[in-house]
Amino acid sequence: MAKTDINNYVDNETRNIYNSVALNESIEKKYGLTKEILEEISKDKNEPKWVLDIRLKALDTFFKMEDPDWGPDISYLDLSKLATYVKPVEGQVRNWEDVPEDIRDIFDKLGIPESEKKALAGSGAQFDSEVVYHNLTEDLKKQGIIYTSFDEGLRDYPELVKKYFSKAVPINDHKYIALHYALFSGGSFVYIPKNAKLDRPLQSYFRLNAPGAGQFEHTLIIVDEGADLQFIEGCSAPGYNELNLHAGCVELFVEKNASLRFSTIENWSKNMLNLNTKKCFVGENGKIEWIMGSFGSKVSMLYPLSVLNGEGAKVEFTNISFAGKGQNLDTGLKIIHNAPRTSSIVNAKSISKDGGICTFRSNVHVKKNAPKSKLSLSCESLMLDSISRSDTIPVDTIETDDVTFAHEAKIGKISDQAIFYLMSRGLSEEEAKALIVRGFAEPIAKAFPVEYAVEMNRLIDLELEGSIG
Amino acid sequence: MKLLEIKNLKTIAEDDHDLNILKGLNLDIKEGEVHVIMGPNGSGKSTLANTIFSSPRYIITGGSIKFMGEDITGLSTDKIAKKGIFMSFQTPEEIPGVSLAQFLKTTKQSVTGEKVNLYKFTKEVEEYMSKLNMNYDYVNRDFNVGFSGGEKKKNEILQMLILNPKLAILDETDSGLDVDAIKTVSKGINLFKNDNNAVLIITHSTKILKSLKVDKVHILVDGKIIKTGDGSLAEIIENDGYSEYIK
């Protein structure tokens, strides 16, 4: 089959790079969800008692709470069959050479160590439940910048972690965040001290490799006053028949005059239940930028919340979702304007094909105490055929009159006439659709760091390949 | 040598199978020729262009289309383009997020099946754009997005020059254009035209024909070509209209 050659970026790529499984037996796997298992995990990790207390309380909360009564059906999730903790290797290392070869091989194929050399200030890699690699350049360490695995953060900076941990996302936020707090393992801890600026991004890559397993990483990032950070997270998993569960949590704190750009390319395999929770508090004149690309998973439920707490705080939210056959991507955002002169810009796009479902929920709340706030929301959906579905569900609550508000939503099917036009210029139907989809995604791709824009284009190609005619 | 050979072509509309549009159309075009098709609204002029390109809006119920001796009736649209036929659209599409430069490069590579030499290609595009009085900055703009009607039509002519087909079918490229833009389009056609290719112009007006050497003019009424003449026939139509041909 002829490949679509549009940007000359991507040739001869296949999904195989995501499918590597060559892996020795994991050292340890724990199944199920009991008090004893949580105690074991906590003991393994040498955690302080307050952390175990949170785990136990969260377990209680999980059993008391109900599944959400809206969104995709997830009732088939059977936690008794899920490996809730998978420890792949003993300990975490600072040199890629020290990562066990089979695991390193997988990250090599994903281009992880290579991109660290080229473009990153630091990077981390998590394999199943544990972080296997973490590194930060020396000059950044000297500036007081902290970038460690979450477990290390807990061990080395207990006061700082305790001050922020579970403060953005409470353990009873919803049923699956309670599950997260019971089982959390791995993830990253980042602290950027006052006025520190990084010229290159930090990147954490999460790989869920064990079949029938759950990944519950916790990412906590604090960008202190006047500091800047760009953080990238990537996620992938090989395709299995068994259901995998990802219930991660991201807590972000952007202080006064600070800024954080948080980019995610999510490419979970299509057996993944992705129930992820992200939240950011933004202080006076601070800025959070969310840039998200969601391509994988069987079901996703993800609605990052930005709370604009300080005067002049800003959020920019850029998202693209691509749902193919058997995928139900229920994504969106929540924004709370909780101070005067706060602003939000939302640019969300979704693409669905082969019966895939994309739902975009936006929930914007401008409080009484947030006059002179500005909101601009744009949601666009493109359906590639008539069996796919796209919905946008906006809920806007505006409690003050003194606000500038624009909300635009467009849902459309790919134009047959546009495809005919492109075919009359020699493009096959597949190439024509790919070009239109690429163009549709272009404003989002531009927002990503360049390597990820390339990966995004590659994923679009993979999604479109062989799907037509 | 015969380029296009249409025999007894009959079509119906995809969304209304009772609607007969072309009712037995015959047309031959040879290398080096410029043909013009004129006819009242609804006579089937655009249907003819679209049918040659296997538009999904029409269904062929009879007859055949041959190109350079090969039967291309109902061949997929992209394959027809690769054989060397081009069509300038009455309403060109907009492709958001894809720059004009990227579009031209992608389509050129698709039609020829070869990678373009970027340096030479860029020069060629720049040269043609200048000849068509197009602002070169447009290459970085999204394809046709925010272009005026005239700019979109010039862009069609630009693509014809870049893709350099054996046969170019121009479907009312001159409609809605001001005098200067019509002159530019004629200039583009003259730039393109040589002894080895051919042009089929579908039009309502003779303005676009003024600076062209026209070999044949066909009058299309109710799905059939009912009269064929030389260039002078166009002027008669311009003055007298179609009433003589409509019963």
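Student: Where does Thr148(A) lie?

Tutor: Thr148(A) sits in strand 5 (residues 146-149) of chain A. Strands are DSSP runs of E, at least two residues, and helices are runs of H or I, at least four residues; both are numbered from the N terminus. This is a predicted model: local features need pLDDT of at least 70, side-chain atom pairs count only at pLDDT 80 or more, and totals for chains, interfaces and linings use all residues. Residues are numbered from 1 along each chain as its sequence is written, chains are lettered from A and ligands numbered from 1 in the order in which they are written, and side-chain values use heavy atoms, leaving out hydrogens and water.

Student: Why does Thr148(A) count as buried?

Tutor: Its relative accessibility is 9%. Buried means under 20% relative accessible area, exposed over 50%, partly exposed in between (1.4 Å probe, protein chains only). So Thr148(A) counts as buried.

Student: Which residues is Thr148(A) in contact with, leaving aside its neighbours within four places in sequence?

Tutor: Among them are His134(A), Tyr157(A) and Phe189(A). Contact means heavy atoms within 4.5 Å.

Student: Now chain B. Why is strand 9 of chain B described as largely enclosed?

Tutor: Five of the five residues of strand 9 (residues 167-171) of chain B are buried, so the rest of the structure largely encloses it. One side carries Leu167(B), Ile169(B) and Asp171(B); the other carries Ala168(B) and Leu170(B).

Student: How do you know that strand 9 of chain B pairs with strand 6 and strand 10 of chain B?

Tutor: Two strands pair if DSSP finds at least two bridges between them. Four bridges join strand 6 (residues 85-88) to strand 9 of chain B. Five join strand 9 to strand 10 (residues 198-202) of chain B. Both pairings are parallel. Asp171(B) stands opposite Ile202(B) in strand 10 of chain B.

Student: Which hand has the crossover from strand 9 to strand 10 of chain B?

Tutor: The chain passes through helix 6 (residues 179-192) of chain B, and this β-α-β crossover is right-handed. That is, with the strands pointing away from the viewer, the path from the first strand over the helix to the second runs clockwise.

Student: What makes strand 4 and strand 25 of chain A edge strands?

Tutor: The 10 strands of this open sheet run in the order 4-3-7-10-13-16-19-21-23-25 (chain A). Strand 4 (130-136) and strand 25 (403-413) of chain A each pair on one side only.
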